[in-house]
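Work through the following exercises with the sequence and the structure open beside you, and try each task before reading its solution.

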Amino acid sequence: MKKTYNPSLVLSNTRVDKVGVEERVARFQTRSIKNEAKRQGLHMVLNMIDLTTLEGKDTPGKVQQMCYKAQHLHDSLPGLPTVAAVCVYPSMVAVARKALGNSTVKIASVSTAFPSGQSTHEIKLADTKFAVDQGADEIDMVISRGKFLEGEYSFVFDEIAAIKEACGKARLKVILETGELCTLDHVRMASDIAIHAGADFIKTSTGKIQPAATMQVTYTMLMAIKDYYDQTGIMIGMKPAGGISTAKLALHNLVMVKEVLGNQWLTNEWFRFGASSLANDVLMQLMKTESGLYQSPDYFSID
Amino acid sequence: MAKKNTPTPSTEWNYAASPESTSHIRLEKKYQLFINNEWVTPSSKKYFPTINPATEDVLAEIAWANDADVDKAVKAARKAYTDVWSKMSGAERGKYIYRIARMMQERAREFAVIESLDSGKPIRESRDVDVPLACNHFFYYAGWADKLEYAVPHKKPEALGVAGQIIPWNFPLLMAAWKIAPALAAGNTVVLKPAETTSLTALKLAEIIKDSGLPAGVVNIVTGYGDTGAAIVNHPDIDKIAFTGSTNVGKIIQRAVAGTHKKTTLELGGKSANIIFDDAPIDQAVEGIINGIFFNQGHVCCAGSRLFVQENIADLVIRKLKTRMESLYVGDPLDKNTDIGAINSKEQLDTINKYIKIGKAEGAEIYQSDCSIPSKGFFCKPTLFTGVSQSHVITQEEIFGPVLTIQTFRTIDEVIQKANNTPYGLAAGVWTDKGSRIFNLTTKLRAGVVWANTYNKFDPVSPFGGYKESGFGREGGVHGLSAYLK
């Protein structure tokens, strides 16, 4: 059933006070995660990572190497999970599919003329269908920020709904590119539109624009997910992406998910980190919890 | 059409215990009175225990000052005033106050841990709020010491003399700072009595004062119960009484000083209104409600203990509030993840429980969060009462605990009338997206402090104090100085 845009989404928009959000986020950051909670948290973080390469200079070789790393994060430490997914451009999905074989690691592909989204409807649909046909399990689309800022909310909504249809069985992550939306009120409104239009996940950023996944933005989006869940009983996933490169920040994000949405969101089915350098910092912290010593970054593979 | 998701098995992820270390703190077994920069045994020969309200373990024995001890302290303060402090330049006084502030900062961790041990407040608050704010009060007033003529233009600023100061147990170190810092900056000497359940940080502050080389007798700290306080209030050679505490005791003090030359400031109880309009940022307002009533276990004179929610959003706000309450951690005050610590004393816990019982008997609907509380020590679950009116005892009387009453309102006039319909007038909170509405309400609410879209924010620069039975006089800011000047 095709979803239609409901203007009350915008009219009844939930107000967000930036100062209050900053204070709330600061509270999460005072949580102290020690010992077993830290070890378990770091394992969860690894298992929630969408290991990402989204560059013009990506080659099949680069993607193959990353796919290997996705399944072998640090073989000298037994018992580690794999990452959740690899995230690549549509043209690299087939390469990733081949490299991952029947691994449980999923393939996420960006689409809809990522990262700007400045293209035609037909091209965005074709981009999406191509990625799905190549074997993508998940589609990371971008919303039309220009249209959103113009006030063309129904355009934004309809576009998301159309891409959702084109995804077929693939799960749809909707990138709001919050760094271009500027205010938390806009972030909240865009989250509500994306969720109602059929997003399986909402995602902060492309990683190409700063600021990206600040905790303030992620908190605002989590509250949108929470309100939708309270109204409908439907869970929506969350993916902060861009700027989360340390284990500590990742753990604070998990604290936030736990305290806002509850433990049931703490799996990679419902929460992901879009990141390229986070994994190695987490590995370094994990090795430190095992050995009591920080090792040189040279002991952790870069792929 | 999205279907309802089948719930996935949830991941249990619980925070491991994360207690702040107590290995770095130094506590004596027995504390004497601090008079004339010396530790003096009380002529009463009596001591009383101070306990950790989270474990009921005795932390130390504290001297119990009688009339003779208080007299000794007042004499020391008078001599220091006459011989030294009143003759010293403001700039010199300022240097001492700055030195005390810096030494407190250097020992901030020790102060925070002792405060949490002795008072039951969570280490997150003593570390992030009480101790830094206390230091800031000393820093702020140190700056005023040589600029008093700018604080009271067209008047020659003159100190009052000896100030008797009696402080409560809810913010022990912070209240000591609120009292001592402006008094010293304005050129007075001090006899201070901390509350009987929380003497330790004031006594640690005495150690710093001694180490700082502040002239002997400028600050004297006498510990004890209400009789010690009465001895200060009734001492004929005291020029000023500054009291923070209950309205009942405030009235006794007011009667006692009537007809004397003593100047008085009283900062008393409250039953402050926190008002949520339907255009408020709801999730942030919910945080404000939580901070308003559960900060420091609700042991806050300006706690937002009467919540008014506009009727059309009441169900939503109450649902969100209940959900948020479930993510509050109640327990060991020294654990860095604890949000709500121990109730300060058995006596206070009994008072709170008495009001919870009254609320139930009055037919109000109670909701308490589902958290577990330690079996030992004094703890109270965060508590809400809905279905209450202005006529309920629990909305009229100060409970001084983590107990919130929730009423709905329909119009602005109605909520202003109800918010003001109390003998108290210390603080209020207003939550709305409309700037004009905020200014309208700040002029109409009879409360000393009105917070807009926030709650329980304190700063040394900002004056604080009440209307009506919440007391008179202002502490903090320039206003706080005039309370210590002729």
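**Exercise 1: a helix of chain B**

In this predicted model, the buried residues of H9(B) pack against helix H8 (226–234), strand E9 (240–244), strand E10 (263–267) and strand E18 (471–472) of chain B. Identify which residues of helix H9 (residues 247–257) of chain B are buried, and determine how they are placed around the axis of H9(B).

*Solution.* Begin with burial, for which a residue needs 20 or more other C-beta atoms within 10 Å of its own: in H9(B), Val249(B), Gly250(B), Ile253(B) and Val257(B) are buried. Next, consider their directions from the axis, which cover an arc of only 105°, so that these residues lie on the same side of H9(B). Finally, follow the chain just beyond H9(B), where Gly259(B) adopts a positive phi of about 85°.

**Exercise 2: the contact between the chains**

Work out how many residues each chain brings to the contact, and which helices of chain A supply at least two residues of its side.

*Solution.* Count the two sides separately: 32 residues come from chain A and 26 residues from chain B. On the side of chain A that touches chain B, helix H2 (18–29), helix H3 (35–47) and helix H12 (247–260) each contribute at least two residues, and the largest share, six residues, belongs to H3(A). Sorted by class, that side of chain A holds 10 nonpolar, 12 polar and 10 charged residues.

**Exercise 3: two packed helices of chain A**

Describe how H3(A) and H12(A) pack, and classify the residues of their contact.

*Solution.* Then list the partners, with Gly41(A), Leu42(A), Met44(A) and Val45(A) of H3(A) meeting Ala247(A), Ala250(A), Leu251(A) and Leu254(A) of H12(A). By class, this contact comprises seven nonpolar residues, one polar residue and no charged residue.

**Exercise 4: chain A as a whole**

Decide how the radius of gyration of chain A compares with the globule rule.

*Solution.* Chain A contains 13 helices and eight strands. Its radius of gyration is 19 Å, close to the 19 Å that the globule rule gives for 303 residues, so chain A is as compact as a globular protein of that length.

Methods: Residues are numbered from 1 along each chain as its sequence is written. Chains are lettered from A and ligands numbered from 1 in the order in which they are written. This is a predicted model: local features need pLDDT of at least 70, side-chain atom pairs count only at pLDDT 80 or more; totals for chains, interfaces and linings use all residues. Two residues are in contact if their C-beta atoms, placed from the backbone, lie within 7 Å. Helices (H or I, at least four residues) and strands (E, at least two) are DSSP runs, numbered from the N terminus. Ala, Val, Leu, Ile, Met, Phe, Trp, Tyr, Cys and Pro count as nonpolar, Asp, Glu, Lys and Arg as charged, and the others, Gly among them, as polar. Axes are lines fitted to C-alpha atoms, for helices over the stretch in contact, and angles run from 0 to 180 degrees between N-to-C directions. A residue is buried if 20 or more other C-beta atoms lie within 10 Å of its own, exposed if 12 or fewer, and partly exposed in between; C-beta atoms are placed from the backbone. The arc is that of the directions from the helix axis to the C-beta atoms. The radius of gyration is taken over C-alpha atoms; the globule rule is 2.2 Å times the number of residues to the power 0.38.
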